[in-house]
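We will go from stop to stop, picking residues as we go.

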Amino acid sequence: MTNDGRDISIQRKHKREEIEVYEEEVMRFLPLLVEFFFMLVGICSRRKYFVREPLRREIEEGMYQRRLWMGSLAQKSKCISELRINTHGFNKLCNILCNEGGLVVTRNVMVKEVVALFLHILAHDLKNRTIKNVFARSGETISRQFHSVLKAILKIGKKYIKQDHAVLQEGDDRWKWFKGALGALDGTHVLLTVPIEDQGRYRNRKGGLSTNVLGACDANLKFIYVLPGWEGSASDSRVLRDALSRRYCLEIPSNTYYLVDSGYTNCHGFLAPYRGTRYHLNLWRGNTPTDYKEIFNLRHSSVRNTIERAFGLLKKRWAILHTASFYEMKTQIRIINACCILHNFIRDEMNEDKLLRAVDLELQDVSLNENEISEEKITFVRVTDEWTAFRDALAKEMFEEYQSRHRRVI
């Protein structure tokens, strides 16, 4: 045998030995592999069949927590504190949203729970992660039910915010001088979360991002008309012109008008105070009128502040209007409308409102500055000599009555 043949034989022998050693190693570790496999199977089986017990316990604890929280709403004070409405009004609202708003809930979620969830978020400006702890629900369930209730409230909006064109001087001595007045009108800003590309348009004169909301209310602080959505940079007069020209417009029949502040034009349909003359109520402390312009501004301010009180009460009741929320723009605008609808509903259902007293105290301490700035229905804003003469005649009549009454007292 040659040397080459001998080398090949030796190589084959070594290779057989290596294969035998490898087979021995495999056979030694095979039981360990089988044992590891069965251990994995056992773990998977345990997760599949034995984890349900603690999950069921968590569900039961969540149900108990929700039942306990909802049960506490039977107390009137608790219900008002958490939802800003009394128990009777809350139950009535739930029925209306089901019967007229088309609110539909699932088998596992009660109507009262989702309505309470919605009101609780608006009243305290709570985020989903906080509500998850209160109601023991998933974030997806909370978001879905929030939008369901929001949609139902907007559906009943026309029932609670409507223009009935009723004059307001009856039953309130403060309004007796303003025959034909429908109410008071003004604008307010509500902070928004705005996409970067739109922030320039929504930046108001104070530097914040907001929407300019036009509102009109009656003597009972109920909103007659609300128009949110305009950019914070838009002036009140610009928003008003849009309200008069849009499809669902602000309606002002002939011989009627709204009381407005000096930021608006004094014209048909809008009775403004005299500029350059003391106006706001907190400026009259310790002072008495000296001419017809001052007596007019005093009485004008005493009734026009109803819109300031209405906006103040709206924001005091719904904390979500204090700061920019995390919802998309369209939803934020709808929330403002929903807050106004609920505001009117609550004004109907609750005769006494402690929040209103707090608003009045705040308005007394606020230092306000003067703003510088068809035949059947009024559809434009334009200064006229006729309307200026109407205001002068009304102011002089007020002053004559004031002087005669003052002389009788002396």
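This is a predicted model: local features need pLDDT of at least 70, side-chain atom pairs count only at pLDDT 80 or more; totals for chains, interfaces and linings use all residues.

Which residues are linked with Arg66 in a network of salt bridges? Select Arg66, Glu113 and Arg137: these are the linked residues. Residues are numbered from 1 along each chain as its sequence is written, and side-chain values use heavy atoms, with hydrogens and water left out.

**Stop 1: the network**

A salt bridge here is a side-chain nitrogen of Lys or Arg within 4 Å of a carboxyl oxygen of Asp or Glu. By this rule there are 16 salt bridges. Zoom in on arginine 66 and glutamate 113, whose side chains meet at 3.9 Å, N to O. Arginine 66 sits in helix α2 (residues 52-72) and glutamate 113 in helix α5 (residues 111-124), 47 residues apart. Helices (H or I, at least four residues) and strands (E, at least two) are DSSP runs, numbered from the N terminus. Both arginine 66 and glutamate 113 are buried; buried means under 20% relative accessible area, exposed over 50%, and partly exposed in between (1.4 Å probe, protein chains only).

**Stop 2: two more pairs**

Next, select glutamate 349 and lysine 92, which form a salt bridge with the closest N and O atoms 2.8 Å apart. Glutamate 349 belongs to helix α12 and lysine 92 to helix α4 (residues 87-99), so this pair ties together parts that are 257 residues apart in sequence. Glutamate 349 is buried at 18% relative accessible area, while lysine 92 is partly exposed at 35%.

Now move to glutamate 231 and arginine 201, which make a salt bridge at 2.5 Å, N to O. Here strand β3 holds glutamate 231 and helix α9 (residues 199-202) holds arginine 201, 30 residues apart. Glutamate 231 counts as buried at 17%, and arginine 201 as partly exposed at 39%.

**Stop 3: helix α10**

Select residues 236-245, helix α10: its buried residues are Asp236, Val239, Leu240, Asp242, Ala243 and Leu244. Show β1 (181-191), β2 (210-217), β3 (223-231) and β5 (270-271) too, as they are among what covers those buried residues.

**Stop 4: lining residues**

Finish with the lining of the second largest pocket, where β3 supplies the largest share, three residues. α8 (157-160), β3 and α12 (329-349) each supply at least two.

How values were computed:
Contact means heavy atoms within 4.5 Å.
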